Amino acid sequence: MNDQDTPTTGTEVARGDHGDAVRLDDGHVVGTGGLPDRFTNPGLPAHHHRMADVDEAAARRAEKQVATLFGISIVGTLAFIVLYFLLDVEQTVFIPGVGYTSATNAGLGVCLALSMLGIGLGAVHWAKTLMPDHEVVEERHPMRASDAERAEVVRVITEEGGSSQVMRRPLIKYTLGGALGLFAVPLVLQVGGSLGEMPKKSLSLTWWNGGPSGPGEEPTFSPMRLMKDPENVPIKAADVTIGSVYHVMPEGLLPDEETGEGGAEHLLEEKAKAAVLLMRLDPAQIKSQKELDWGYEGIVAYSKICTHVGCPVGLYEQQTHHLLCPCHQSTFDVTQDCKVIFGPAKRPLPQLKITVDDEGYLVSAQPFREAVGPSFWERG
Amino acid sequence: MNALAARRRHPAAIAVLLMIGLFLTGAAYAAVAPEPADATTQALPAQSVEEGKALFRANCASCHGLNAEGRATGDGDEIAGPSLAGVGAAAVDFQVGTGRMPMTAPAVQAARSEEVVFEQEQIDALGAYIASLAPGPSVPSEEAVDPTKGDPAKGGELFRVNCAMCHNFAGSGGALTRGKYAPALRGVEGKHIYEAMQTGPQSMPVFNDDNITPEDKRDVIAFLDTISEQENPGGMTLGSLGPVTEGMFAWVFGLGILVGCAVWLGSKSA
């Protein structure tokens, strides 16, 4: 703090008597001198000796502290070995703040932490208190090599490189290039080959197209019942009350619940494409004619796979009719044909056209008219 | 006092002073803070529809209308309270029994409250009155919500498909759109879980008996009961909220310890 920093008290506000603006140089005190020609080198700060360097008692104390830390490590390791044989893997133990937790996880973890921390802390404390405390200044050197060394490098490259005769003997040059270039192929081939077969049309097909929809499959459409997931029972249109939500899989995809037989061969792949959310709204609230036409008396079925990156869009709010994706908060408005009203999704959720069969069960009237889920390169 | 004075320039002095100041302020406030006014009326137990009606008119009609027909605020199509015809005794038992109703003020969502305004007999009377207006789901029996009679494994499967996307895989609750949220399901009575599925309160969709059968509902209750009793082999759950709390913990404590170690390692020893 010097004089220049402190304005004279009372000059920083306009004086009340005549109301003039404050003069900008008011309170400014001109300094006495400019900068000195050069600053003196302050040098290195004085070296302070540590307690342990000057006081033998302190050194002994530090020695004991380091030994204690190493001792903690020894105790931790021994306790680890004991607990390893003592504790059963299934055993639980109550720890305040955590609740009942695995005894081996807690016990072995704490012991191992003590045994490692003891070594680490002891070593650092040892270095900081007892190991030599000389301060050494290392000068920086220029990076550039000496002219003689630089000339030698150039000579080695131009003259001795030439003596390998690689420029004179093109056969060696080209076969070496070929060998090295081809060497990369097996590496790339393994990675490429392990990616599996090309998806072909399978990204645009789902089980609703008529059954298995993997690469190379050519399903033919037939109406399929909408089945409850995970119970795998068909849904009667009359049972779907307004405000209801059903999580739906196509008929034949899920295996039989009792026997575990049947169902899709590639169950997870098929489920990931075919999942559908079924909702019933008051038809008067639906603003899209196509949505009404593709539904049945206000019962509408939409793909549950988000068009952003394919998360299951399951958070349906029955009052606002918003359908929220939990991953990135894309929000779809079910009253407007699942238009995106918020979030990163680009396209509305594809609707599944449904109707009822003779027995009153909900069935699909046609497969999805577009690929479900996120965008991909070949998507039409 | 001299020892204290000598340490007044210690780096921790400001933090210690702050803590003492905060503690004293809090203690002083707690000592002189006014008790919240307790306006709970201890009405006589009422069983009949008539008494339920009287309770309704006194406590609910300002939003739901004198005859539970619902009432508009007059601002667009905004409503003060929906019509209650056909919601059934189950909805009343859920909304009033969990302290959500009566709402003290309009809000984006009625929050669960530990302070239930009415006695169970009064809630039953209100339910009887609402059920008399139009048929609706009734309060489930003790047996229908007994977790010991359900199958927690099947309940877990149903929970993960039908409930987990909003209420979180461990029933910890989660966010919905525009300030609404799905509440945590821990410590909620089985009866109220059942009624919520049956009636679809607020943003929640309806899961009627054809969608999730009464036995399945009991399985879900058994599952929730099981996970609340379960030990945590992995240690602290941090609320079972997934990467949000876990990441926060790692950033604050993990990185905090690392920074502390780095400062200690880099500091001069004398």
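Two strands count as paired if DSSP finds at least two bridges between them. Helices (H or I, at least four residues) and strands (E, at least two) are DSSP runs, numbered from the N terminus. Welcome to this predicted model, in which local features need pLDDT of at least 70, side-chain atom pairs count only at pLDDT 80 or more, and totals for chains, interfaces and linings use all residues. Residues are numbered from 1 along each chain as its sequence is written, while chains are lettered from A and ligands numbered from 1 in the order in which they are written.

**The four-stranded sheet**
- In chain A, 4 strands form an open sheet in the order β7-β8-β9-β10, with antiparallel pairing.
- Its edge strands, each pairing on one side only, are β7 (315–316) and β10 (339–342) of chain A.
- Within chain A, β8 (residues 322–324) and β9 (residues 331–333) are joined by 3 bridges in the antiparallel sense.
- Look for A:L324, whose bridge partner in β9(A) is A:T331.

**The β1–β2 hairpin**
- Strand β1 (residues 92–95) of chain A runs antiparallel to β2(A), and 4 bridges join them.
- Opposite A:F94 you will find A:Y100 in β2(A).
- This hairpin has 3 residues between its strands, and A:G97 takes a positive phi near 90 degrees.

**Where chain A meets chain B**
- Contact (C-beta atoms, placed from the backbone, within 7 Å) links 34 residues of chain A with 25 residues of chain B.
- On the chain A side, the elements giving two or more residues are β2 (99–102), α3 (103–129), β4 (245–250), β7 and β8.
- By class, that side of chain A has 11 nonpolar residues (Ala, Val, Leu, Ile, Met, Phe, Trp, Tyr, Cys and Pro), 6 charged (Asp, Glu, Lys and Arg) and 17 polar (the others, Gly among them).

Terms used:
Contact = placed C-beta atoms within 7 Å.
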